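Have it open while you read, and click along as you go.

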Amino acid sequence: MEWNLVFVINSILLGVGLAMDAFSVSMANGLNEPAMKSGRMCVIAGVFCGFQFAMPMIGWICVHTIVQAFQAFERFIPWIALALLGYIGGKMLIEGLRGGEDQDGEGAAVGAAALLVQGIATSIDALSVGFTISGYGVLMAAACAAIIGVVTFVICMAGLVIGKRFGTWLSGKASALGGVILIAIGLEIFISGILG
């Protein structure tokens, strides 16, 4: 593959496809924390961006070094995503049903550990992109991964804004709804990974 407009468009489309889970989780985070400040929104979107950049590069490295081991691991990806998102989503759902929201309707902020788990769970399928871009040289693979990361950042910021808007309207039920969304995303990744 050479550096051209087709390369950029393909990378953008890969980014959009890979960012959909992170978009949904960002909406859930916005629902959970409707008073989120813009700096925190950038950190959250940045975490998803970083993981969506890193995972295709890790996949690319695996293809060029330890292909057999990665192929054996690939079948566990849907199970890992289901477990991680199910755990976080279940925790949010239980907190929302117990009334774990503040009196003013503002949910608890997503902690650093939960955010890292969300980042891993929503980007683990991007490891497979390493196979897709394995024909690229290291610079093209890094450029593709960077485009995927930037697209993810923009899409996650949109998800956070949408989630914040609805989180304000939903007040006390936002955490429970965010939990249901995360569980649904985990199930979707699991089902499409097992059947696909």
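1. First, the ground rules. This is a predicted model, where local features need pLDDT of at least 70 and side-chain atom pairs count only at pLDDT 80 or more, while totals for chains, interfaces and linings use all residues. Numbering starts from 1 along each chain as its sequence is written, and side-chain values use heavy atoms, with hydrogens and water left out.

2. Start with the largest nonpolar core, which has 43 residues. A nonpolar core here means buried Ala, Val, Leu, Ile, Met, Phe, Trp, Tyr and Cys residues joined through side-chain atoms within 4.5 Å; buried is under 20% relative accessible area, exposed over 50%, partly exposed in between (1.4 Å probe, protein chains only). The members touching the most others are F48, L85, I133, Y136, L160, L182 and I185. At least two core residues each come from α1 (5-32), α2 (38-65), α4 (77-97), α5 (112-123), α7 (138-170) and α8 (174-195). Helices are DSSP runs (H or I, at least four residues), numbered from the N terminus.

3. Click on L85 next. Leaving aside residues up to four places away in sequence, L85 touches V25, G90, A121, L182, I183, I185, G186 and I189, a contact being heavy atoms within 4.5 Å.

4. Now the rings. Phe, Tyr and Trp rings (for Trp, the six-membered one) pair if their centres lie within 6.5 Å; planes under 30 degrees apart are stacked, over 60 edge-to-face, and the rest tilted. That rule gives three aromatic pairs. F7 and Y136 are edge-to-face, because their centres are 5.5 Å apart and their planes at 65°. F7 sits in helix α1 and Y136 in the loop between α6 (129-132) and α7, so this pair ties together parts 129 residues apart in sequence. Both residues, F7 and Y136, are buried. Ring pairs also join W3, F7 and Y136 into a cluster.

5. W79 and F190 form another edge-to-face pair, since their ring centres are 4.6 Å apart and their planes at 75°. W79 is in helix α4 and F190 in helix α8, 111 residues apart, so the pair links distant parts of the chain. F190 counts as buried, because its relative accessibility is 17%.

6. Which residues lie nearest the centre of the largest pocket? They are I88, K91, M92, G111 and A114, out of 13 lining residues. A pocket is an open set of points on a 1 Å grid over the protein atoms alone where a 1.4 Å probe fits, with protein on both sides within 12 Å along at least five of seven lines; lining residues have an atom within 4 Å of a point. α4 gives the largest share of the lining, five residues.
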